[in-house]
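Hi,

Here is the structure I promised to pass on.

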Amino acid sequence: MRYSQFMLPTLKEDPAEAEVISHKLMYRAGMIRKLAAGIYSYLPLGLRVIQKVERIIREEMNRAGAQEVLLPCIQPAELWMETQRWEEYGKDLLRMKDRHDRDCCFGPTHEEVITDIARREIRSYRQMPLNLYQIQTKFRDEIRPRFGLMRGREFIMKDAYSFDADEAGLEKSYQEMYKAYRRIFTRCGFTFKVVEAETGLIGGTASHEFMVLAQTGEETIVSCQSCDYAANIQKAEAKRTRPRAKGPGKTPNPLKKVETPDMKTVADVTKFLKVRPRDLVKTLIFETDQGVAAALIRGDREINQTKLGTHLGCEDVKLASDDVVLGATGASKGFAGPVGLSVKIIADYSIEPMVDFVTGANEQDAHYINVNLGRDVKVDQFADLQMVREGDLCPRCGKSLSFFRGIEVGHIFKLGTKYSKALKATYLDENGREREIVMGCYGIGVGRTAAAAIEQYHDEDGIIWPMPIAPFQAIVVPVNNKIAALMKTAEGIYRLLSSNGVEVLLDDRDSTPGVKFKDADLIGIPLRLTIGEKNLKKGLVEIRRRKNGETTLIEKDKVTETVSALIHEEMEASLQG
RNA sequence: CGGGGAGUAGCGCAGUCUGGUAGCGCGCUUGCUUCGGGAGCAAGAGGUCGGGAGUUCAAAUCUCCUCUCCCCGACCA
């Protein structure tokens, strides 16, 4: 490709709208342009990267035995009503009507459609395992799209769905995808972690996320320092402190109400009463789609709302408004407590061992001290509700947990029979019995993967593409277009490399070398061949590696083999992870 | 949907408080000179000041309404 004919509108300055590095650099490198909030066009350079990522995905999916399909983006409401998701999905689901006033939506994911295919086509256990995937545009009407391709409303996703006769089959398919995903992200050149995750709206029984490590990541990853436990913060557990057996020889003191004028926060109350935050039990009132509930947790800890929601089996869990708190407890926020409370009470395991603790008294400006479980408080259920903190102990091995930031580029789920049950996708087993198909689903954000690569690989001059997903492998830069010999050599090298299968860009623009160098750095081409007058007189050409700035001079007629060797080397290097 | 900020030339911004000729840098066009890290000089092109209504002799500037975008919070590739 010749630069002069390639649409590559680079920018010197960061666009005002961009906040994170990948968004800024994608814009500046002429890869994307915005049409509306969270909706982007891919310009030629951006599309090349997308296609590189897609190619790796296709190769690995095919290798794993999956077959590519392409499903419709517009889907009828009826199908979504069958799975209840027409109601459940909420506003992220972009709905519309066609000319006959029929309800439709733009697919945010394709479980319904693929399961519809499965229920029509799969009749026998002999037809499984089956894994179908597609690479397609999705639309999710996010409340707050941001960070360019990192969280768009319209985005390209690879989604795959596995169909098996039983759990054992699903386990196998899941493992196969797990391995394929590892290969995909390894081949893209990422440093990443696989973490246990929540299943969210997709539903199902187990799930893992593939996280590219980057400071700007939106996700917090909890990872054990010594074993391989890793989980999303929302899912992460810590080793539990067991309740002390039959009390530690301390007899509980009598319950007592104390005045705490205007002491609304844990900090206020504990300071006032001269106790530690961990000696207090926080009572948080939540509104859920199954009514109001109270959650108890130690004063120095935070509730993980996702865990609470999962435990309660609710889609929607939010901290109650002032009115609701007043209605449930009889006092304003800050004075809620479990003693005599009539709503459902769920307690985090952290309070199990506590004796003589402090709580709100459900009365304005008053707290109880010497509160004790059993005697004063009736807990409906104990559960793990806490947000894990850095330094907590690993639930598996008991060593310390650390935190990382990550970008979620892939997510795999064991769906089980959630969709096959709802949509009646069944088959006959070897005994002629009708059974539900066991499903898994597996997603990769393609655009986000490209963005994540930039977050992970860039410097102050621009993008540093890992070779496997670079839009071009090499760029040829003649330093001065007016010197015929330089241009001729550059042209010759360009043709030679092209005909040898190297993806090469020839910067044939009539601009100063500084401009060409800056742009080459910005768009992040791994190898730069500089054709300068002085070197050329000695029959030499300069090769510069974007990733480390290393430059070497090589004989003009050894360009092809050197470039090929370097490309090979960098491709191999990315496979090492 | 709350809370904060912004819409002025392709991009980045000033001008708005205190109404009166629409400006700067980059980019773009032409010419000459330059050419190994975003060149110099000269001459140009380019704007319904997001949109609508109002106040006024006069509105980018004041008032009201609206649209859009960005940032901070609720699980999502």
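Predicted model: local features only at pLDDT ≥ 70, side-chain atom pairs only at ≥ 80, totals over all residues.

I'll start with a sheet: five strands make an open, mixed sheet, ordered β28-β27-β29-β30-β31. Strands here are DSSP E runs of at least two residues, helices are H or I runs of at least four, and both are numbered from the N terminus; two strands count as paired if DSSP finds at least two bridges between them. At the edges sit β28 (504-506) and β31 (551-555), each pairing on one side only. On average, neighbouring strands are turned by 25 degrees against each other, direction ignored.

Residues are numbered from 1 along each chain as its sequence is written, chains are lettered from A and ligands numbered from 1 in the order written, and side-chain values use heavy atoms, leaving out hydrogens and water.

Back to the sheet: β27 (474-478) and β29 (527-531) run parallel over five bridges, with Ala474 bridged to Leu527. Helix α15 (559-575) lies across β29, β30 (540-545) and β31, at about 10 degrees to β30 (axes are lines fitted to C-alpha atoms, for helices over the stretch in contact, with angles from 0 to 180 degrees between N-to-C directions; contact means heavy atoms within 4.5 Å).

Then there's α9 (322-329), where Val325, Ala328 and Thr329 are buried (under 20% relative accessible area; exposed is over 50%, partly exposed in between, 1.4 Å probe, protein chains only). These buried residues fall within an arc of 80 degrees seen down the axis, so they line one face of α9 (the arc is taken from the directions from the helix axis to the C-beta atoms). Asp323 and Gly327, on the other side, are exposed.

Cheers
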